[in-house]
Amino acid sequence: MADREPALVHFGRLPHHTSRALVCVPQAGCGAAVFALWQRALADTAAVWAVRLPGRETRLPEAAVTTMAQMVDDVVPEIAALEADDLVLFGHCSGALLAYEAAHALSSDSRRRRVRLIVSSQMAPGQAPPPSGRAISSLPMPELIRELRRIGGTADDILMSGDLMEAMAPMIRADFAAIESYRDQPDRELLKIPIIAIGGKNDSIVSRLELEHWARHTVGSFTLRLFDADHFYLDKEQSAVLAFVRTLFDDKT
């Protein structure tokens with residue numbers, strides 16, 4: 001629609017390094033704001049763009065999308081339009097699945113520019129255990145809140161506020177519906193770009209072995225980098241993560 005808000009958000013003034021771009025996809029239930037501080041930290045390295053899907057933040061009036069295919073259709077055209085000749089896709093937790101699908105949709109881009117994929121704290125497609133019990137997307141509100149608290153990553157002030165949860169529940173349910181219905185396409189061509197899997201050494205939710213399975217999804221190089229923290233390493237080790245991302249852009253190999 002004509003008045004549609006953009007899917008890619010940049011916080012602050014664009015740096016001079018617009019030839020290098022980092023596109024960040026947040027985890028389920030979150031918006032672009034979780035990456036607001038990254039642009040300042042990486043201002044001398046790359047232009048940082050964060051994905052803002054329908055139904056959250058400035059796109060709150062738009063209906064939330066409930067399938068991975070819809071998310072890809074919403075985001076990929078704007079990523080493809082970026083003029084950067086060095087593009088890194090970064091997906092955290094379930095956001096890694098959208099980043100992975102975006103990488104497939106942009107497969108022809110690797111012929112005209114450098115493209116890399118970073119997947120963070122997320123098991124590779126095809127490795128998820130079979131679902132048990134009711135889907136998170138359909139849980140009644142009290143059970144949904146308990147499940148979000150168990151998973152972590154949602155601020156307590158949101159979980160404890162009835163008004164905030166009522167406002168955010170449609171977006172949260174939509175995200176989980178997309179994740180729960182997602183299946184990797186069988187017999188698809190492997191990616192030809194490097195995949196970098198990162199996570200916490202002490203993560204009890206996504207293991208090192210589950211991260212290593214990402215190597216099976218590319219004929220390009222694979223790198224595993226673990227930080228000294230648990231599943232929430234992205235907050236606890238943010239400086240170290242940003243320093244690592246910076247080295248990727250500095251690497252000319």
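I searched the whole structure for salt bridges (a side-chain nitrogen of Lys or Arg within 4 Å of a carboxyl oxygen of Asp or Glu) and got 14. This is a predicted model, where local features need pLDDT of at least 70, side-chain atom pairs count only at pLDDT 80 or more, and totals for chains, interfaces and linings use all residues. Residues are numbered from 1 along each chain as its sequence is written, and side-chain values use heavy atoms, with hydrogens and water left out.

I looked up aspartate 86 next: it forms a salt bridge with arginine 116, with the closest N and O atoms 2.8 Å apart. The pair links distant parts of the chain, aspartate 86 in strand 4 and arginine 116 in strand 5 (residues 114-120), 30 residues apart. Strands here are DSSP runs of E, at least two residues, and helices are runs of H or I, at least four, both numbered from the N terminus. Aspartate 86 and arginine 116 are both buried (under 20% relative accessible area; exposed is over 50%, partly exposed in between, with a 1.4 Å probe and protein chains only).

Then I checked glutamate 189 and lysine 192, which meet in a salt bridge at 2.0 Å, N to O. Both of these residues are exposed.

I also noted a network of salt bridges linking Arg4, Arg59, Glu62, Asp74 and Glu78.

Last, I went to strand 2 (residues 20-25): 6 of its 6 residues are buried, so the strand is largely enclosed by the rest of the structure. Strand 2 pairs (at least two DSSP bridges) with strand 4 in the parallel sense over 6 bridges, and valine 25 stands opposite glycine 91 there.
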